[in-house]
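Subject: Structure handover

Hi,

Here is the structure for you to look through. My notes on it follow below.

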Amino acid sequence: MELKQSLSTHLETEKPLRRYGAVEETAWTAEGLGRNQLDIISMAETTMMPEEIELEMAKIQRLREVLVRRESELRFMMDDIQLCNDIMDLKQELQNLVAIPEKEKTKLQKQREDELIQKIHKLVQKRDFLVDDAEVERLRLPSREESRAST
C-alpha cells in the first residue's frame with residue numbers, strides 16, 4: 001500500500017513525457033550549441049533545417065500534382081483507345097453487312113445492321129463525352145508549364 005502511494009505521488013509530481021509517435025522527445029539545452037544547431041531537426045539518417053524540409057515538401061507536392069495529372073491523361077487515353085477499337089470492330093461488321101445486296105439480306109441481318117448503327121452511335125457519343133471530360137480535367141489541373149514557372 002505504501003509502495004502504491006509512493007509511486008502515485010512520484011508520477012503526479014513528474015512532468016509527463018511528450019511523445020512523437022513512439023519516440024520520446026529529447027530536451028535540448030543551449031549549452032555548447034549555437035542557434036542554428038537548435039533549429040536542426042534530426043530524423044533517422046538525415047539532418048535538415050526546417051526551411052529545407054519545407055522546400056522538399058513543396059517539390060514533392062508539385063511532383064505529385066504532375067503525376068496525378070499524367071495518370072489522368074493516360075487513363076483518358078486508354079479509354080479513348082478502347083472506344084476507338086470497339087467502334088472500328090463494329091464498323092467492320094457493319095461494312096460486311098452493308099456489302100450484302102439489299103434483296104439478299106435476311107430479316108435478322110437487317111436487324112443486326114440497325115443494332116450496329118445504334119451501338120456505333122452510342123460509342124461515338126461516349127467518346128465525345130470522354131474528350132469533353134479530358135478537356136475539363138486538363139483545364140482543372142495545373143499544367144506542367146505552370147508548375148515549372150512556380151519553382
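**The helix pair α3 and α4**

Helix α3 (residues 50–98) and helix α4 (residues 107–140) have axes that come within 9 Å and cross at roughly 160 degrees. Therefore α3 runs roughly antiparallel to α4. Angles over 145 degrees count as roughly antiparallel, under 35 as roughly parallel, 65 to 115 as roughly perpendicular and the rest as oblique. Axes are lines fitted to C-alpha atoms, for helices over the stretch in contact, with angles from 0 to 180 degrees between N-to-C directions.

The crossing of α3 and α4 is left-handed (the near helix is turned anticlockwise from the far one by less than a right angle). By class, 15 nonpolar, two polar and 14 charged residues form the contact of α3 with α4. Here Asp, Glu, Lys and Arg are charged; Ala, Val, Leu, Ile, Met, Phe, Trp, Tyr, Cys and Pro are nonpolar; the others, Gly among them, are polar.

**How the model was read**

This is a predicted model, where local features need pLDDT of at least 70 and side-chain atom pairs count only at pLDDT 80 or more, while totals for chains, interfaces and linings use all residues. Residues are numbered from 1 along each chain as its sequence is written, and side-chain values use heavy atoms, leaving out hydrogens and water.

**The chain overall**

The protein chain has five helices and four strands. These are DSSP runs, numbered from the N terminus: helices are H or I with at least four residues, strands are E with at least two. Along the sequence the pattern is α-β-β-α-β-β-α-α-α. Of the 151 residues, 11% are buried (under 20% relative accessible area, with exposed over 50% and partly exposed in between; 1.4 Å probe, protein chains only).

**Inside each helix**

The 49 residues of α3 should span 72 Å at 1.5 Å a residue, and its end C-alpha atoms are 71 Å apart, which agrees. The expected span is 1.5 Å times one less than the number of residues.

Buried in α3 are Arg69, Ser72, Leu83, Ile87, Leu90, Leu94 and Leu97. Their cover includes α4. Buried in α4 are Glu113, Leu116, Ile120, Leu123, Leu130 and Glu137. Their cover includes α3.

**Two residues to look at**

Phe76 sits in helix α3. Phe76 and Val131 are 55 residues apart in sequence, yet 8.0 Å apart in space, C-alpha to C-alpha. Setting aside neighbours within four places in sequence, Phe76 is in contact (heavy atoms within 4.5 Å) with Leu130, Asp133, Ala134 and Glu137.

Lys105 lies in the loop between α3 and α4. Lys105 counts as buried because its relative accessibility is 9%. Not counting residues up to four places away in sequence, Lys105 touches Leu97, Val98, Ile100, Lys110 and Glu113.

Best wishes
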